[in-house]
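Please keep the sequence and the structure in view while reading.

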Amino acid sequence: MTSWREERRQAAVEHAAALERRKASETAQARQLLTDFIATLKERGVEPEPLRAQVVGTNTSYRTDLTGWYLRRNRSLAVDVEGNFYILGVPASLKARVAGVRVAPSDPPLIVGQGARDGESLPLAELLRLRLES
């Protein structure tokens, strides 16, 4: 016979595992959307460009070693030529102003801006469609 505490612990472990599986599935779907997006851009002859990381809350940007396409007009999101998703917001830094900045890739979400203010979240598929139309 298991105790209530042990049952709760097991339920929490199972819940965490289910959340992780769901996140992995959503990430795989989002990666496929980005792969298709890049293929379409290449078919249309849209060349990748050097990506710059925006300093949050300013018009300043820093060099990165990335090449790809911006997903939003404000250049806060991008995808590189290998299909990696980037959030390009960085803090201000004197060193970054001189030497540039390294930005780590993020897992792409199916809903961009989820949890943000009203009107700022958008399904990734819709964002990519809008970007292709621009």
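Which residue in β2 stands opposite E49? In this predicted model, the residue opposite E49 is G68 of β2.

## The sheet

Strand β1, residues 49-55, and strand β2, residues 61-70, run antiparallel and are joined by five bridges. They belong to an open sheet of five strands with mixed pairing, in the order β4-β3-β2-β1-β5. The edges are taken by β4 (85-87) and β5 (89-90); each has a single partner strand, so one side of each is left without a neighbour in the sheet.

## Helix α1 and the sheet

Helix α1 spans residues 4-43 and lies across β2, β3 (77-80) and β4. Its direction makes an angle of about 75 degrees with β3.

R21 is a residue of helix α1. Its relative accessibility is 56%, and because the cut-off for exposed is over 50%, R21 counts as exposed. Between R21 and Q54 there are 32 Å in space, C-alpha to C-alpha, and the two are 33 residues apart in sequence.

## Helix α1 and helix α3

Two packed helices are described by the angle between their axes and the distance between the axes. For α1 and helix α3 (residues 124-133), the angle is about 10 degrees and the axes are 10 Å apart. The two helices are therefore roughly parallel to each other, since angles under 35 degrees count as such.

On the α1 side, the contact is made by A30, L33, L34, F37, T40 and L41. On the α3 side, it is made by L124, A125, L128, R131 and L132. By class, this contact of α1 with α3 has nine nonpolar residues, one polar and one charged.

Methods:
Residues numbered from 1 in each chain as written. Predicted model: local features only at pLDDT ≥ 70, side-chain atom pairs only at ≥ 80, totals over all residues. Heavy atoms only, no water. Pairing = 2+ DSSP bridges. Helix = DSSP H or I, 4+ residues; strand = E, 2+ residues; numbered from the N terminus. Contact = heavy atoms within 4.5 Å. Axes fitted to C-alpha atoms, helices over the stretch in contact; angles between N-to-C directions. Buried < 20%, exposed > 50% of the residue type's maximum accessible area, 1.4 Å probe, protein only. Parallel < 35°, antiparallel > 145°, perpendicular 65-115°, else oblique. Nonpolar A, V, L, I, M, F, W, Y, C, P; charged D, E, K, R; others polar.
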